[in-house]
Amino acid sequence: MPKQIVFEAMKAINEINKFVSENPNSKFYIGKTDNLERRENDHQAKGYRGFKVISQSSSLEEVNELERILIMISRILHKENLENENNGGGGKITDSPIYYIYLASK
C-alpha cells in the first residue's frame, strides 16, 4: 500500500473519530465523488445535514482504496454509527481531475 494512502487514511480516520466523539449518537456515511454539490444535495434529500470533505486525490484507484479502508476501519471502531451498507470502492463516477472522500452525517 502506498505511503500516501496510509497518510491520507490516518488523517481521514482522525476526522471520523473527531466527528463521532463530538456527536456520539449521530449516524454517518463515507463516500466518494467527483461532484461535491450533486452528492451533497443527494445526501440532504436522504436526511443528512452535514457534509464534509475528509480527503481528495487525482487518482480514482487511490480514492477507491481509501474509501474501502475508511469503511472497513469505521465498521470496527464505529459500527453503530456507520450507515454504509457496501464496503466501498464502487459506484458510478466519471473521469475527473480530482476525486473527493466525504463524510455525510445525520
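This is a predicted model: local features need pLDDT of at least 70, side-chain atom pairs count only at pLDDT 80 or more; totals for chains, interfaces and linings use all residues.

Residues are numbered from 1 along each chain as its sequence is written, and side-chain values use heavy atoms, with hydrogens and water left out.

Helices (H or I, at least four residues) and strands (E, at least two) are DSSP runs, numbered from the N terminus. Buried here means under 20% relative accessible area, whereas exposed means over 50% and partly exposed lies in between (1.4 Å probe, protein chains only). Tyr 99, Ile 101, Leu 103 and Ser 105 point one way from S3, while Tyr 100, Tyr 102 and Ala 104 point the other way.

Two strands pair if DSSP finds at least two bridges between them. S1 (residues 28-33) runs antiparallel to S3 and is joined to it by 6 bridges; Ile 30 has Leu 103 as its bridge partner in S3. S2 (residues 50-57) is also antiparallel to S3, with 7 bridges, and Gln 56 has Tyr 100 as its bridge partner there.

A nonpolar core is a set of buried Ala, Val, Leu, Ile, Met, Phe, Trp, Tyr and Cys residues joined through side-chain atoms within 4.5 Å. The largest one has 19 residues, and those touching the most other members are Ile 16, Phe 28, Ile 30, Ile 54, Leu 70, Ile 101 and Leu 103. At least two residues of this core come from each of H1, S1, H3 and S3, and H1 supplies the largest share, 7 residues. Contact means heavy atoms within 4.5 Å. Leaving out residues up to four places away in sequence, Phe 28 touches, among others, Ile 16, Phe 19, Val 20, Leu 82 and Leu 103.

Two loop residues are also buried. Ser 26, in the loop between helix H1 (3-22) and S1, has a relative accessible area of 10% and is buried. Beyond four places in sequence, Ser 26 touches Phe 19, Arg 49, Asn 81 and Lys 106. Asp 34 lies in the loop between S1 and helix H2 (36-45). Asp 34 counts as buried because its relative accessibility is 19%. Its contacts, leaving aside neighbours within four places in sequence, are Ile 93, Thr 94, Ser 96, Ile 98 and Tyr 99.
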